[in-house]
Amino acid sequence: MSRDTHAVDPDVTAADPTLRIGAAAERAGVSTRTLRYYQEVGLLEPSGRSPGGDRRYSEADLERLARILRLRDVMGFDLDRIRVILAADDRILELRSEVRAGVSQTRRREIVHEAIELNHHQRELVREKLQLLQAFNDELEATAERYRAKADELGVTIVEP
């Protein structure tokens, strides 16, 4: 998947290092439809457009897409939860920029407080997901125990993988 950018999109230049939608989709391992859909639902906005109006994706856009895919595929979050997490990520970036630009000690305290709240909310979403996964795992374990008991009754030797 990580091929030379120029091999994927010959229009990439030092002056314009962005990728066309097809090249961005290929590099991310998704379809162009997925990129368009994520734009439609407000999760991913391409950094720019070509003079002809084609979507152009930057490295930052591809990093955001990778975050979306991890939240979707690894965490199993729906698009609404992904939107909430991305909004918190975006807000944290805004707060960091504000701090870098220079703020008063009072404002810095406010920023830290807000960042803690954002982080807390994200951790809550993950905890909720972990609880659901644990409940499902508990169901599977109970089912496995019933199968083992039935196998013992029938004199079947079980070798679990």
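Q: At roughly what angle do the axes of helix α4 and helix α5 cross, and within what distance do they come?
A: The model is predicted, with local features needing pLDDT of at least 70 and side-chain atom pairs pLDDT 80 or more, while totals for chains, interfaces and linings use all residues. Residues are numbered from 1 along each chain, and side-chain values use heavy atoms, without hydrogens and water. The axes of α4 (residues 59-73) and α5 (residues 79-101) cross at roughly 140° and come within 10 Å.

Q: Why is α4 called oblique to α5?
A: Angles under 35 degrees count as roughly parallel, over 145 as roughly antiparallel, 65 to 115 as roughly perpendicular and the rest as oblique. The crossing is at roughly 140°, so α4 is oblique to α5.

Q: Which residues make the contact of α4 with α5?
A: On α4 they are R64, R67, I68, L71 and R72, and on α5 I82, I85, L86, D89 and D90; contact means heavy atoms within 4.5 Å.

Q: How do the residues of this contact divide?
A: Five are nonpolar, none polar and five charged. Asp, Glu, Lys and Arg count as charged, Ala, Val, Leu, Ile, Met, Phe, Trp, Tyr, Cys and Pro as nonpolar, and the others, Gly among them, as polar.

Q: Which helix gives the most to the lining of the largest pocket?
A: α5 does, with six residues. The lining includes R64, R67, L86, D89 and D90, and its residues divide into four nonpolar, one polar and seven charged. Lining residues have an atom within 4 Å of a point of the pocket, an open set on a 1 Å grid where a 1.4 Å probe fits, with protein on both sides within 12 Å along at least five of seven lines.

How values were computed
Axes are lines fitted to C-alpha atoms, for helices over the stretch in contact, and angles run from 0 to 180 degrees between N-to-C directions. Helices (H or I, at least four residues) and strands (E, at least two) are DSSP runs, numbered from the N terminus.
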